[in-house]
Amino acid sequence: LTCTHASNMEHFPLLVLVTTLLLFAASAPASCSSGWSDGDDSVDRPNGDLPGMPITLGDKDLPSSCAKLCAERGAPNCVAWAYVKPNCSGSGPSPLCYLKQTVTSQVLNQCRVSGLMNINLLPPKFRPLPVGSVQPTGWLGAQLRLQADGLSGHLPLFWGDVMDSVWVGGSADVGLHERTPYWLNGFVPLAYQLGDPKLISKVQEYVSYILEHQAQDGWLGPEDISDGNAYWSKYPLLMSLRQYYEANSSDTRVLPAMLKFLKAAQTKLFTVPLGNSWSGARWQDLVLTIHWLLDYHADEQFLWDLAETLHDTGFDWKKWFTNASFPKVPVTDPATLYTHGVNNGQAIKSEGVWYRQSHNSTDVDSCYKRMQLLDQYHGQASGVFACDEHLAGTMPSRGTELCTVVETMYSYEMLFSVIGDPKFAERAEKVCYNALPATITPDMWAHQYLQQSNGVNSMVSDDHVWTHDGPDSTLFGLAPNYGCCTANFNQGWPKFVQHVLMTSSASAPDLVVSMYAPVSMAHPLSFPSSGAKVSSFEMATEYPFGEEVVISAVCEGVGGRGVGLQLRIPSWAVGATVQVNSSTPQSTVPGTFHAVQCQYSTVVKLNFPMSVRVERRYNNSISVFRGPLLYGLTLDEEVTVLRRYAFQSVDMSIMPGVDWNFALVLQDDTHPEKDLSFESYSDRGSLPPYSLNGARGKIVAKARYLPSWQLAHNAAAPPPLSPVNTTQPLVTLSLYPFGLTDIRVAEFPTVLQ
């Protein structure tokens, strides 16, 4: 794929372009024998030369002549080349060519042009559709509408760090300058997924200002940071521009601006390296954009070289996520950028991203290892890991930053895209349906900086259980503790929508359902190489609250095959069935894909039995699940408004109006239905499901009050070791989906009957 001239295809409609390219990628050669013949200007790779170098070229020979000589030698004899410009800094009148037998490190040299041979990006297993191609419907469409009508849509109207940002000529969003790029990274897809003209107009206003004020050397945005942190805010900005272009490919300003900036950044990195910086910790986010450009829009050696530089000079996350390096207890001091929670959330995907360029299978192995380490030593029941700024262990009163929630989601979405293992999609879905809504109010006007599995209050706590964040970190408000999450939470739901449907990179035309939610396709999806086409697609469901998913699609194909549908079967869905039209329901295997064919007008019905199950956690406590949802004890709330801002934005504390300290009766972990039963509500369909009034059901539990379990440092103390003893009377509790709770208990001690 990277040998093609993608620029010649940019006039195609983007949706067709994507599917055309992904199918071409599957049949592309394993390597590019000629590389990029124009090379990387002003970059040299000294040493590693073949014997007899240099070769004197003709006076009119260009770098492509040197690349051609290398190609004629062939691999492994020649793997790289360097062209010496004539009459440059003491060089002679004729250009020279160095052919190389090893690939060496890059250096800046204005008199050289260099290139590599036999390089290519591995195609990802699955590719998301372009932004705006998948639209949320049903309860999910209402959820994104809430986001647009809440903080997301109003931040540019009253919050200085977006409204008066330095990115659009203002004076706010100082320091790292990350908040407007963070906001755009979620607001851009939100606007186009909803198809809202007012939101799209606001996107275009911000994007236009940024593009029109690009510096002459290519730099985008403010340039007032002198160290390695200078690059970081540009990572989410370029993600925003990428998404904007996918939704609006007629804007011819975008790709040249991105390429010009990246060349400027490459040059700057030779004198201002990443170092110990946020940029160094998060290098993989920029490599993602670079790979997107190489996939679809640019044949440029400098992009490959820039990605290599970012990887080689950025943080070594592969080494960090090993048993020897990784912290196995809550981090106190010294806390570093390696122990920082959001950095770890973003780093979950780093080696998955890099695997496409490295072709090293141990990079894939590292992705599984980091998932295991984070779960084992810092994991929480909602699918995230504790990091109240830094990695914080498994105790359920330790916090998780909202930025970590959305970055962890996105990392698992990316790992699923690259590697294709269903467990990564399942984890992204789990985090989305539990941790994401749990830290934002149902109307999406306020959020916490830190959420807790056992978060029994939301208050200003000078004495607090966490060690690195401020006293207001669990308040619900506009920007508690620090404003990054106010801007960054916006990407959570929109990027989830974008990754619900994907296409396979295999040669056969397949549409992949990676996560389940009510969505439809905005445009027909064509597979030009096979002649197959999905004319329409709609997925109707109350999932994750309900068990049934109905897919209605119209597909056209050649030879009667139609289009394949790959359906992810959740690992917990024992007994799940798939029925195509009126055929006999088919059994499935949990944790795998189930393949069916879509031919002409096709209806696929999936049934996912959602039994109540329990999971043993801290001090042998339990968490209660049904399907993908975690359930918790929601507490009557005593709300105090502490500060009012514009519109409906407030800071508020929430205190429990009832006891929270109960032990659940559980006689048999393998048969929790003896003590835990699910009750559904059938009259809530028009209400937001992540609100108590809109809850689609609850789990009824038997419990006993546990007076010995009290507060410690203004938080729920660690659950006492289960089983516990208590003589308190038996009571009945209602457990609701974790995501709709503001204050709650989700890890319970247990008591025998």
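A residue is called buried when its relative accessible area is under 20%, exposed when that area is over 50%, and partly exposed in between, using a 1.4 Å probe and protein chains only. The model is predicted, so that local features need pLDDT of at least 70 and side-chain atom pairs count only at pLDDT 80 or more, while totals for chains, interfaces and linings use all residues. Residues are numbered from 1 along each chain as its sequence is written, and side-chain values use heavy atoms, with hydrogens and water left out.

The structure holds 31 salt bridges, each being a side-chain nitrogen of Lys or Arg within 4 Å of a carboxyl oxygen of Asp or Glu. Among them is the pair of Arg-45 and Asp-305, whose closest N and O atoms are 2.9 Å apart. Arg-45 sits in the loop between strand S1 (40–44) and strand S2 (55–56), and Asp-305 in helix H12 (residues 301–313), so that distant parts of the chain, 260 residues apart, are linked; helices (H or I, at least four residues) and strands (E, at least two) are DSSP runs numbered from the N terminus. Arg-45 is buried at 1% relative accessible area, and Asp-305 is buried at 0%. Arg-45 and Asp-305 also belong, with Glu-308, to a network of salt bridges.

Another pair joins Arg-626 and Glu-547, at 3.7 Å from N to O. Because Arg-626 lies in strand S24 (residues 622–626) and Glu-547 in the loop between strand S16 (532–541) and strand S17 (548–556), the pair ties together parts 79 residues apart in sequence. Arg-626 is buried, with 6% relative accessibility, whereas Glu-547 is partly exposed at 30%.
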